[in-house]
Amino acid sequence: LEADLQKRVLSVFHYALNHDGLLFLGTSETVGDGSDLFTTLDRHWKIYQRKDDHRRPRNTPLPMATTLRTQGPQPLRDLVPALGTLQSLTEKGLLDAYGASGLLIDEAGEVLYLHGRTGLFLELAPGEAGVNLLKMARPGLRTELAVAMRKAADTQQAVVCNGVKVQSDNGLTEVDLTVRPTASPNNARLFLVVLAPSQRPLPAAIPSTEPPFANPATASAELIALREKLRLHEAHARAQNEDLGRFNEELRSNNEELQSTIEELQSTVEELETSKEELQSVNEELITVNAELTQKLSELSRVNNDMNNLLAATGIGTIFVDFDLRIQRFTPTVTPIINLIPGDIGRPVGHIVSNLVGYDTLVADVQDVLATLVPREVEVRSLAGLWYSLRIRPYRTIDNVIEGAVITFIDVSELRLVRERKGALHE
C-alpha cells in the first residue's frame, strides 16, 4: 500500500475502533503519518491505542443510510464541520421543512449527510461508486435537481419545484423538491435538498393519449428517458443561453473599455508628440544658451589670464579681501612680504604671519578703510630691509558696489634711499 492509501486505511481503522481500542500491526508496519490518530504503546510489538478525536478523520466514511464511499480526495469535505454539527444542521433544516427526507450537499453536489429513506429518489449509478447527488438521482429528478441547484447557488434563496415526476421501481411518482442554501459554522456553502413524495401519486402506466406500444412498461421507460433527455437538453440550452448572454454583455463592456482605452492612448500619444516638440524647442534653446555660456567662459578665461599676466608684470604685490577680511586672491609678488600659499585662500588676513617690521595694524587699517571708504597709504619695512608703500583701497565692482578691499605693496626702497641721500647733502 502506498502512502495515500495507508492514510485512508488508518483513518478507517481509527473510525472503526472503540474508545481506547487497540491496533496490532505486523513487525514491518507502523502507523507512519497516523501518529495524530494512534498512541504508541509498544514500539517493538507494534501495539497502538486509538486516540480520542472529536473531529472526523480525513477521508473517513460517513455513517449514511446507504453504504456509500468516496473515491479519490474530497477537498471540500475537509472544510465541513464535525459529524455532530452536520447531523444537527441536516435534521434542523428537515424539521423546518415539512419533516421530509433529504440530503446535505456542497457546491459540487457531493453528499455530506443523508437523512431518512431516499431509495425512492436515489440509486447508485453503474460504474465507480460515488456520492454525487446528480449521479445518483433517478430518471426525471436529475434535470430539475440540476436546475434547482444552479438557481439556488446563483440567488442564494430556496428553490421549490412541486410535482416533479420521478421514475422509481414502483412506477412514476410525483415528488416535491426543495433546494435551500444552508449556513455553516465555517462559512462553507452548503445546500439542503428536501425530497418529499406528493400526496397524490401517479399511476405507473402511460396515459391513453400516448401512441400504443407492444410493451407498456418498456414504452413508459423509453418515454421517460426521452423526456429526461429533452428536459436535460433544454436545461443545458437555457444555462448556455444565460451564459452566452452574460458573455456578450462582458464582451460589449470590454469592447467599450478597449475603445475608451484606445482613445486615451491616442490622446496620450498626441500629448507626447506635443511634449516632444516642446522638448525639442527647449533643447535648441539650451544648445544656444550653452554656446553663449561657452563663449563667455572662454572670454572670462582670457580676461583672467590677462589679469594674472598684468599683475605679475607690474611687480606689485596685491591681496584681495572681502568684507570679512578673508583672502580671495593674491599675486606671487606679495609672498616675500606676507607668508601666503595657495591654501590660504579663504582664511582671514589677520591669521597670516607677515614679514613687516614695526607694523601690526594691518587688520585695523583695512577695517577702517571699509568703514569710511577713504584710502590709506603708509610706508612699511620688511625683515629684508626693503621699504614698501602699503596702500589700502575699497574694491569696487563695475556697478560701483563695494565688495571688499585691495591691499598693494609697492617697492619704494630706491626712492627712500634717494630721499635719504638728498637729506644728507642738505645737512
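Start by selecting T143, L145, A148, M149 and A152, the buried residues of helix 4; buried means under 20% relative accessible area, exposed over 50% and partly exposed in between, with a 1.4 Å probe and protein chains only. This is a predicted model, where local features need pLDDT of at least 70 and side-chain atom pairs pLDDT 80 or more, while totals for chains, interfaces and linings use all residues. Residues are numbered from 1 along each chain as its sequence is written, and side-chain values use heavy atoms, without hydrogens or water.

Now show all of helix 4, residues 142-155. Its 14 residues reach 20 Å from first to last C-alpha, close to the 20 Å expected at 1.5 Å a residue. Helices (H or I, at least four residues) and strands (E, at least two) are DSSP runs, numbered from the N terminus. Step just past the helix to Q156, which has a positive phi of about 55 degrees.

Next, pick F320 and Y395. The whole structure holds one aromatic pair, and these two residues form it, edge-to-face, at 5.9 Å centre to centre with 90 degrees between the planes. (Ring centres must lie within 6.5 Å; planes under 30 degrees apart are stacked, over 60 edge-to-face, the rest tilted.) F320 is in strand 9 (residues 317-321) and Y395 in strand 13 (residues 387-396), so the pair ties together parts 75 residues apart in sequence. F320 is buried at 14% relative accessible area, whereas Y395, at 33%, is partly exposed.

Finish at W387: the charged end of R416 sits over its ring, 3.8 Å from the centre (the cut-offs are NZ of Lys or CZ of Arg within 6 Å of the ring centre and within 35 degrees of the ring normal).

Methods: The expected span of a helix is 1.5 Å times one less than its number of residues. Rings of Phe, Tyr and Trp (its six-membered ring) pair if their centres lie within 6.5 Å; planes under 30 degrees apart count as stacked, over 60 as edge-to-face and the rest as tilted.
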